[in-house]
Amino acid sequence: MFNVVNPDMIVEKYGADTLRLYEMFLGPVEQSKPWDTNGIDGCHRFLRKFWNIYQNGFDENEATAENLKSVHKLIKKVSQDIEQFSYNTSISAFMICVNELSQQKCKNKELLKTLVILIAPFAPHIAEELWEMLGEQGSVCDAEWPKWDEKYLVESQVKLGIAFNGKNRFEMAFAADADNQTIQDAVLADERSQKYLEGFQVAKVIIVPKRMVNIVLKK
């Protein structure tokens with residue numbers, strides 16, 4: 001007596017989708033996991049955030065490259081994880097994608113519809129509500145599972161940390177295929193670099209691919 005968690009109480013307070021999501025988020029299904037109700041709040045907040053991105057209306061405007069990358073990255077991750085029963089990492093990917101789409105203020109109806117199809121196995125009740133809100137007929141469970149396109153996952157830009165004598169000062173974005181000379185010239189010409197270069201000579205420029213640029217200075 002009193003040493004079990006009654007699922008009915010969890011459902012009453014948070015809803016069935018939160019309980020379902022939390023049980024999958026605990027860890028790999030084949031492993032034993034400690035039950036800690038503190039983690040339920042996080043899943044509940046995520047579902048509220050997911051719900052909220054549908055409350056500001058939808059549009060038919062063309063999706064941005066950032067929108068497409070976020071959603072197709074999620075399609076690939078969830079599709080592969082479901083095959084491996086790795087539901088916990090799928091939910092982590094959902095949380096990342098929803099944060100990105102919120103920051104991007106994405107309202108593209110087709111992409112948001114794709115998101116509903118993807119979350120249906122994890123939170124079916126919310127998915128059905130949103131499916132109807134999007135004006136779709138029938139059940140979301142009957143919708144065709146989306147496919148990802150690798151062309152949207154190719155990195156077109158990379159962000160590099162810009163350091164002077166080993167101290168990171170700011171970041172700059174470059175085309176993914178930019179050569180070292182182009183990167184060096186852009187960094188040295190950037191107005192933010194001027195205050196660190198003043199009174200010094202550039203002894204060496206060290207470029208660590210996809211990570212950082214270190215400007216070695218000397219008097």
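Visitor: Which residues does asparagine 214 touch, not counting residues up to four places away in sequence?

Guide: The model is a predicted one. In it, asparagine 214 touches Ala163, Phe164, Asn165, Gly166, Lys204, Val205 and Ile206, with residues up to four places away in sequence not counted. Asparagine 214 itself belongs to strand S4 (residues 212–218).

Visitor: Why is asparagine 214 called buried?

Guide: Its relative accessible area is 14%. Buried means under 20%, so asparagine 214 counts as buried.

Visitor: What does the side chain of asparagine 214 reach at 2.9 Å?

Guide: The side chain of asparagine 214 reaches the backbone nitrogen of glycine 166 at that distance.

Visitor: How many aromatic pairs does a search of the whole structure find?

Guide: The search finds eight aromatic pairs. One of them joins phenylalanine 46 and phenylalanine 50, with ring centres 6.1 Å apart and planes at 55°.

Visitor: What is the geometry of the aromatic pair formed by phenylalanine 164 and phenylalanine 170?

Guide: This pair is also tilted, at 6.3 Å centre to centre and 45° between the planes. Phenylalanine 164 counts as buried at 4% relative accessibility, as does phenylalanine 170 at 11%.

Visitor: Which residues do ring pairs link into a cluster?

Guide: The cluster consists of Phe46, Phe50, Tyr54 and Phe58.

Visitor: How do you know that the charged end of lysine 219 sits over the ring of phenylalanine 200?

Guide: The charged end of lysine 219 is 4.4 Å from the ring centre of phenylalanine 200. The distance limit is 6 Å, and the charge must also be within 35 degrees of the ring normal; lysine 219 is classed as sitting over the ring.

Visitor: What makes lysine 77 and aspartate 81 a salt bridge?

Guide: Their closest N and O atoms are 3.5 Å apart. The criterion is a nitrogen within 4 Å of a carboxyl oxygen, so the pair qualifies. The two residues are four apart in helix H4 (residues 65–83), about one helical turn. Lysine 77 is partly exposed at 33% relative accessibility, whereas aspartate 81 is buried at 8%.

Visitor: Which parts does the salt bridge of glutamate 136 and lysine 113 tie together?

Guide: The side chains meet at 3.5 Å, N to O. Glutamate 136 lies in the loop between helix H7 (124–133) and strand S1 (157–164) and lysine 113 in helix H6 (residues 109–119), so the bridge ties together parts 23 residues apart in sequence. Glu110, Lys113 and Glu136 are linked in a network of salt bridges.

Visitor: Why is arginine 192 called partly exposed?

Guide: Its relative accessible area is 37%. Buried requires under 20% and exposed over 50%, so arginine 192 falls in between. Arginine 192 forms a salt bridge with aspartate 190, with the closest N and O atoms 3.0 Å apart.

Methods. Residues numbered from 1 in each chain as written. Predicted model: local features only at pLDDT ≥ 70, side-chain atom pairs only at ≥ 80, totals over all residues. Heavy atoms only, no water. Phe/Tyr/Trp six-rings, centres within 6.5 Å; stacked < 30°, edge-to-face > 60°. Buried < 20%, exposed > 50% of the residue type's maximum accessible area, 1.4 Å probe, protein only. Polar contact = N/O pair within 3.5 Å; in protein donor to acceptor, adjacent residues only side chain to side chain. Contact = heavy atoms within 4.5 Å.
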